[in-house]
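Subject: Two-chain model for your review

Dear colleague,

Please find the structure below, followed by an account of what was found in it. I would be glad if you read the notes alongside the coordinates.

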Amino acid sequence: MASHSENHYFVPHGSIYPALISVGLLSMASGFVFNVTGSDTRLDGSIKNPALSYLATPGKYMMYLGLAIILTMMFKWLSTVVTESITGQYKKWEDKSFRIGMIVFICSEVAFFAAFFGALFYMRVLSVPDLASYAPDITPYKDFLSAWPSQGPGGTVLGEAYKPNPDFHPMSWSGLPLINTLLLLSSGATITWAHWGLIKNNRKQLIIGLFLTIALGVTFLCCQAAEYHHAYTEMGLTLKSGAYGATFFMLTGFHGFHVTIGTLMLIVIWLRSIKGHFTPEHHFGFEGVAWYWHFVDVVWLGLYIFVYML
Amino acid sequence: MSTTTVAHHDEHHDDHPTGIMRWLTTTNHKDIGTMYLTFSLVMFLVGGSMILGIRAELFKPGLQLMNPEFFNQLIGVHALIMIFAALMPAATGFANWMLPLQIGAPDMALPRLNNWGFWILPPSAILLTLPFTLALFGVGDGALATGWTFYPPLSVQGGIGVDFAIFAVHLLGISSVLGSINIIVTIYNMRAPGMTLMKMPMFAWGWLITAFLLIATIPVLAGAVTMLLTDRHFGTHFFDAAGGGDPIMFQHLFWFFGHPEVYILLLPVWGFIPQILQTFSRKPMYGYKAQVYSLWAIGALAVVVWAHHFFTAGMPVPALLYFMYSTMAISLPLAVLFYCWIRTMWKGSMSFETPMLFTVGWIILFGIGGLTGLVLADVAADAQYHNSYFVVAHFHYTLFAGGIMGIMAGVYYWLPKMTGHMYNEKLGKTHFWLTAISFNVTFIPQFFVGLAGMPRRIPDYALQFAEFNMISTVGAFVLGLSQLLFVYIIISCVKGGKKATDKVWEGAQGLEWTLSSPPPYHSFTEQPVVK
């Protein structure tokens, strides 16, 4: 039998942060609905629900309020966790809980991306070829050819005419996306190098490694912003560009969102490393972020192959 | 399985805040379990009253009480509430209450996350029902009117209610994922020393597989409704042929979540049903290993059979055949489970207290649900039954009888342990007979009208269906009103009643019965050792 202290699991005292985050979520979600309902436009730019347009502004403020509550409470909650960690409340037993929990959480993120990859494969392999395959006398899409990337055949949707953009180009796999791939792959290497430094108790290597990882992550985000700007202003490629536009922007957009979150997490871990919070034996905070970063990396490889290259 | 150390209670650790702050801030698994179960009961009554509105409208042909739009809204919100806000929280509530007690853990592994998982639920219930209230003030046209399945293009055209439902589903999904993470971690990391996986109580197995299914499928639903949101407001074409998308793609994504969801609702029940059976048969459960392997088999098959929900939407013949055979394959492990349940009772010295009554009734009624499912899995037969009242009757046999009546068995089984008082046995048995009989009065006629061709989700119907609908409505009102008795039994049991012993039931087996009734605020601060 283990000794008493190792056999005692840390159960934290009550905390108000979870309930307040939920209030923030309620405010943000309902604000979002009010805002889109009030400000929604048709393809021709006219307001969809003029009678409800007064909802847009209060909705926007509810969203901001909710977001502010969520961010504040998350900051306070995670500060509590950091304090508990550095005051030695977490031992091997608690540490194992966090590890399993993080693995399961990353699995759920994989399932989320799988939905969008599934949509991409479905459209490429099934719905776009199907739309082009009907006999000419029963289809409204006579001249539509099955080819990927596709913006779809065009047509009238709920009373709004949708016309594919004739100047449309898909995003090329070389250029910025190739640079982005190299950036993320190197960031996977630098964070591992930082981890080696942490295990060897070489603080300098840890801090430099994390700094490089953050720099690579931020550069990736800047390149992606430039890529989006290029797509919208010069290539005629937008979220509204049919099957290709929707899957391209939703997949790369959610990935970019995850890179942003990962970079914020890296910055926190970097500051904590500078303060000396981690020891070679006890550093789940670092590893959890590293796992997340590797996950984001792997998703990018999937994106690069299936969205850009093939 | 025996314990060498009995739980060591130190009462002076109960330094929790009182009043509302106790519940808002709690990290205690029993407090959180109680909140889940209470929330579930309240939402069960809310969802139930919605369907009584529907049944009242269907009492006779013609439009009497409401317009068709409101009728559709009640149907969709009834389903979402019953699935996400009544059944799932009830199962999670039991997991919170009983898993740590059954596996000898001091608490759930991630207590603050656990608290968050619960407190996301009330906001999502508000999001789901808010559009009804907003409509009264002239904002929007009410709640989502698409049914709980959100099929486009209807859901792309729908009003503000669809948006609210999308976000309600997002929040409910976050809550489920948090709950699942917590349960998986608790089961892998918090078991008492000596309790190997194959010595775990069956309830822990049921929940472990449920949690894996949730982790694999809830994010896919989140992705699907996100695509719906961007189709509605940001000009994407996921579900729109003009852009190269396909409304049927939504059905694939939705049911990739939706079919495992059925097992998510049922697996926790399949976990504790054998425990109730062994208690009241006074012998160990039959075929522990066979049951565990069957649960795994069902969990694995659950994610590869989704398209049987929309055979008639159109797909290639090989796909139809694949989904038909794989769906039917589920009946094999399920038959193993049924065999084990019945065999557990075989030659036992059985007694029929309320939990056992509910369990035996559950086996029979859920059996009917399972067998009618086999009928629907047949592609050729499904062409006739699809979208008819036959389907409605089938899934109420699986989800009301198989889900809610199972949960009720669990409530009566564990209520004395949770409150320290015995419930009123006579009223409990009355509640069982009222529920079982009125349930059948409600849903057997729906099989007949369904076979005769009455479509579901329609506020008006042909004259030939009038008698059966009348019977069904009478049954539904008796069924609904008998649940008030359930509420009364629970409240009076919480308030007082005969003192329950620690073991409560003569044949009870498992660690939770070694603790006092009610258990101390912090149970198992020292873990028991299982041999």
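B:Arg457 lies in the loop between α16 (425-451) and α17 of chain B, where helices (H or I, at least four residues) and strands (E, at least two) are DSSP runs numbered from the N terminus. Its phi is near 60 degrees, a positive value in a residue other than glycine. B:Arg457 counts as partly exposed because it has 16 C-beta neighbours inside 10 Å; by the rule used here, a residue is buried if 20 or more other C-beta atoms lie within 10 Å of its own, exposed if 12 or fewer, and partly exposed in between, with C-beta atoms placed from the backbone.

This is a predicted model, in which local features need pLDDT of at least 70 and side-chain atom pairs count only at pLDDT 80 or more, whereas totals for chains, interfaces and linings use all residues. Residues are numbered from 1 along each chain as its sequence is written, and chains are lettered from A and ligands numbered from 1 in the order in which they are written.

On confidence, the model scores ipTM 0.95 and pTM 0.95. The mean pLDDT (the predictor's confidence in each residue, from 0 to 100) of chain B is 94, and 97% of its residues reach 70 or more. Residues 1-12 of chain B, however, stay under 50 in pLDDT, and the model has 24 contacts for them beyond four places in sequence; two residues are in contact if their C-beta atoms, placed from the backbone, lie within 7 Å. Where pLDDT is low, the predicted coordinates should not be read in detail.

A:Asn201 counts as exposed, with 12 C-beta neighbours inside 10 Å. There are also cis peptide bonds to note: the one from A:Trp148 to A:Pro149 has omega near 0 degrees, with A:Pro149 placed in the loop between α3 and β1 of chain A, and the one that joins B:Ser517 and B:Pro518 has omega of about -10 degrees, with B:Pro518 in the segment after α17 (466-495) of chain B.

Chain A has 7 helices and 2 strands, which run α-α-α-β-β-α-α-α-α from the N terminus on. Its C-alpha trace spans about 80 × 45 × 40 Å along the principal axes, and buried residues make up 37% of its 310 residues. The domain assignment gives domain 1 (14-89) and domain 2 (93-309), the bounds coming from an automatic or database domain assignment. The C-alpha centres of these domains lie 24 Å apart, and 4 residues of domain 1 are in contact with 4 residues of domain 2.

What does the contact between the chains take from each of them? Chain A provides 57 residues and chain B provides 62 residues. On the side of chain A that touches chain B, α1 (17-39), α3 (92-132), β1 (155-157) and α6 (242-274) each supply at least two residues, and α3(A) gives the most, with 20 residues.

A:Thr247, in helix α6 of chain A, counts as buried, with 27 C-beta neighbours inside 10 Å. Leaving aside neighbours within four places in sequence, A:Thr247 is in contact with A:Phe116, A:Ala119, A:Leu120 and A:Met123.

In chain B, B:Asn96 lies in helix α3 and is buried, with 29 other C-beta atoms within 10 Å. Not counting residues up to four places away in sequence, B:Asn96 touches B:His29, B:Ile32, B:Gly33, B:Tyr36, B:Met108 and B:Asn114. B:Asn96 and B:Tyr36 are 60 residues apart in sequence and 8.6 Å apart in space, C-alpha to C-alpha. Helix α13(B) is largely enclosed by the rest of the structure, because 17 of its 24 residues are buried.

Best regards
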